[in-house]
Amino acid sequence: MRGLSSVPARAKNKFKESSNLGKFSGGIHQPAPNPKRALNQKHTTLRGNSQSPSFSVNKPNSNSLSNASISANESIKQIDHRYFSQILSRDDWCLLLNHEFKAQRIVLNSQFVVSLLQNQENPLHPLRFYIWVSNVDRSFAKSQPVCSALTGVLCRKGPVLLSGELVENIRNSGFRVTEDLLCILFGSWGRLGLAKYCLETFGQISFLDISPSTRLYNAVIDALVKSNSLDLAYCKFQQMSADNCKPDRFTYNILIHGVCRIGLMDEALRLLKQMEGLGYLPNVFTYTILIDGFCNAKRVDEAFKVLETMKERNVKPHVATIRSLVHGVFRGATPHNAFELLTGFMENEPVFQKLACDTLLYLLSKNSMAREAAMFLKKIGERRYLPDSSTFNIIMTCLIKGYDLSETCLILDSFIEQGVKPGFSTYLAVAEALCKAGRWMEVDQYLNKMSEDGLLSNVFSYNMVIDCFCKANLMDRATWTFREMCNQGITPTLVTFNMLISGYAKVGKVTKIQDFLLKLLQYGLNPDIFTCSSIIDGLCRAHMIEDAFDCLAEMYYWDVTPNTVTYNILIRCLCEIGDVDRAAELLREMQADGISPDVFSFNALIQNFCRMKKFGKAKKHFLSMLTLGLTPDNYTYSAFINALCKVGRFVEAVEIFNSMEAKGCIPDSYICNLILESLVKQAHLEEACEIVKRCKRWGVSLKSFPIL
């Protein structure tokens, strides 16, 4: 080493003097190896007579499940899903379930049943359990949570087809395929797109001793609509009368939904009229479907008319109705027109305001309409309306990015005073924006509010605040936050130290890097690739290049392998001090060590060779890039073009410029302006005009060239 020993070595020397933690060999802390662990899974085999409830599956703890009065939440936690899966996989599953029920290891409540249905890998198992439980307690057969859970698992893990073998197995177990089960199966097949299978099964329900009913027709029509087979759904609709089944409100709602999905709104209105003619008045679901359909068809005015009709008929809109309207208007109109339409409507219909405000604010934020969001937020704030926390956090993110910072802080403060609790991310985003603006007092105020709200309570939240300060180069504040975290009894992690070391590296403060490296070791942590790369970067920025190379050599003692970023830092530093030959040698060493260079590895060398007018060496490295499959970027090409133009080799510069697009690199504004200036100076105006046209096509902004 020259002049100064490496930072890691000095830190370890201090650490050896001040701490007895760990063992050091030759001044290097040897981290314990991390051996790979083999995972051994034990598979339980089922044995025993299929006619007897005596079987050899591993039973759950009898003490934990013996009490019948166990609470619902506790029973769910104690379900051994694998155990029940073993039961349901056997031919005598019904007998075994009865045995478990008598032993009080099955709790008949909705939460238990839903949990068991949702946690089975084989889709046949939840089907069997549903058949059994719906026969033990008929209320589960039509229970919405239970039916939804079974339909969901059949869609995710299925399909389960109603084969002759399955029907026979159900019958042998003492059960039968019911209308309830068939409706669930139709629902799963429809979501999986099995339209023809639905029709085939419906045509054979007589073999299951089931007669056609309006409910079954509704189930199969709904399945056909969901599988995008609207024509087949209409066929079944027309066949209902032949089986003495009358369509009801559900039937028409299903069909109206189907035609609205594909934009056939006139047909939807015809079905609506037909439904009313049969004495079935539209309900909130009917109107919600129509609102969504009109918006999708970009007939927004008619969507608002549907709401007027609901008001006249005293049908109260559901939350989904208002959400469909707000989302739909944004789909069916331009964002600014949608904002005007919705705010005007909400002024006249204050009853809808509370339902619509959060949705409207969310969409304004999503469309980056910060000015409109701020205006609307102020207006509803005056009326003492408070958005929910998640919506408020989304709005504030939008305002921070696209609205006046002072106004944003005023809005934030006003809602905090009214009782809104912003999230951690909102406070942090405001703090970051204020840091960039140099408004330190306000940063401290919001950090204090974060602490008062209990948001600075763990290492992760402190790490994010420290990172915020490090990115703003406010290292004194980052260090103060670190000390505050330690004073609160919160143990820093390697991530904490890496952020601080990286932050000090960027400003070249080697002493501070050494101090935090020492603290890192005192906490029993080992440096990783991020730590070492940051230290090397800091040494390079402090012009301590030999110490940086010593640190590179020392990484191997820490069992840390340098990566492309580590080498790029050193290559860049060598190029900056003019030692290009050593940088090229380092690039070769890097490849010899099996580390693949990237475009940044070559760019530093190419740029320096071009500045030195060594175009042959620059071209050699350029070809090496292409050989490795790397795509040159604007920095690569600008190095060549700039250097060639300076020495008057304009033809070659233009050739390189023209080759860029073909090689997947669109020239940026700097390169385009550079090449145009050169062409104008050489009076190659026709060629310059052609490049201007190409730049317009690429969307590249150009300087003003009066002569063109």
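A crossing of two helices is left-handed if the near helix is turned anticlockwise from the far one by less than a right angle. In this predicted model, α22 passes α23 in a crossing of that left-handed kind. The crossing of α26 and α27 is left-handed as well. The protein has 708 residues, and its secondary structure comes to 39 helices and two strands.

**Overall picture**

- Buried residues account for 50% of the protein's 708 residues.
- Take the contacts between residues at least 6 apart in sequence: 65% of them join residues at least 24 apart.

**Confidence**

- The average pLDDT of the protein is 84. A score of at least 70 is reached by 88% of the residues.
- Confidence is highest in helix α28, residues 494-506, at a mean of 95.
- Confidence is lowest in strand β1, residues 24-25, where the mean is 26.
- Residues 1-6 stay under 50 in pLDDT. The model has 14 contacts beyond four places in sequence for residues 1-6.
- Residues 14-76 also stay under 50. For residues 14-76, the model has 95 contacts beyond four places in sequence.

**Helix pair α22 and α23**

- Helix α22 covers residues 389-402, and helix α23 covers residues 405-417.
- The two pack at an angle of about 160°, and their axes are 10 Å apart.
- Angles over 145 degrees count as roughly antiparallel, so α22 is roughly antiparallel to α23.
- From α22, the contact uses F392, M396, L399 and I400. From α23, it uses T408, I411, L412 and F415.
- By class, the contact of α22 with α23 has seven nonpolar residues, one polar residue and no charged residues.

**Helix pair α26 and α27**

- Helix α26 spans residues 459-471, and helix α27 spans residues 475-487.
- Their packing angle is about 165°, with the axes 8 Å apart.
- The cut-off of 145 degrees applies again, and α26 and α27 are therefore roughly antiparallel to each other.
- On the α26 side, the contact is made by V459, Y462, V465, I466, F469 and C470.
- On the α27 side, the contact is made by M475, R477, A478, T481, F482, E484 and M485.
- The residues of this contact divide into 10 nonpolar, one polar and two charged.
- T481, in helix α27, is one of the contact residues. Its relative accessible area is 4%. Buried means under 20%, so T481 is buried.
- Beyond four places in sequence, T481 touches Y462, V465, I466 and F469.

- K316 sits in the loop between α17, residues 300-312, and α18.
- The relative accessibility of K316 is 73%. Exposed means over 50%, so K316 counts as exposed.
- Leaving aside neighbours within four places in sequence, K316 is in contact with V284 and M310.
- K316 and V284 are 32 residues apart in sequence. Their C-alpha atoms are 7.1 Å apart in space.
- V319 lies in helix α18, which runs over residues 319-332.
- At 33% relative accessibility, V319 counts as partly exposed.
- V319 and A356 are 37 residues apart along the chain. Their C-alpha atoms are separated by 8.3 Å.

**Backbone exceptions**

- Most residues other than glycine have a negative phi, and most peptide bonds are trans. The next points show exceptions.
- G158 and P159 are joined by a cis peptide bond, with omega at about 10°.
- P159 is found in the loop between α8, residues 144-157, and α9, residues 164-172.
- H543 is not a glycine, yet its phi is positive, near 60°.
- H543 belongs to the loop between α30, residues 529-541, and α31, residues 545-555.
- H543 is exposed, with a relative accessible area of 67%.
- K613 is not a glycine either, and it has a positive phi of about 60°.
- K613 is placed in the loop between α34, residues 599-611, and α35, residues 615-627.
- K613 is exposed, with a relative accessible area of 54%.

Notes. Residues are numbered from 1 along each chain as its sequence is written. This is a predicted model: local features need pLDDT of at least 70, side-chain atom pairs count only at pLDDT 80 or more; totals for chains, interfaces and linings use all residues. Side-chain values use heavy atoms; hydrogens and water are left out. Axes are lines fitted to C-alpha atoms, for helices over the stretch in contact, and angles run from 0 to 180 degrees between N-to-C directions. Helices (H or I, at least four residues) and strands (E, at least two) are DSSP runs, numbered from the N terminus. Angles under 35 degrees count as roughly parallel, over 145 as roughly antiparallel, 65 to 115 as roughly perpendicular and the rest as oblique. Contact means heavy atoms within 4.5 Å. Ala, Val, Leu, Ile, Met, Phe, Trp, Tyr, Cys and Pro count as nonpolar, Asp, Glu, Lys and Arg as charged, and the others, Gly among them, as polar. Buried means under 20% relative accessible area, exposed over 50%, partly exposed in between (1.4 Å probe, protein chains only). pLDDT is the predictor's confidence in each residue, from 0 to 100.
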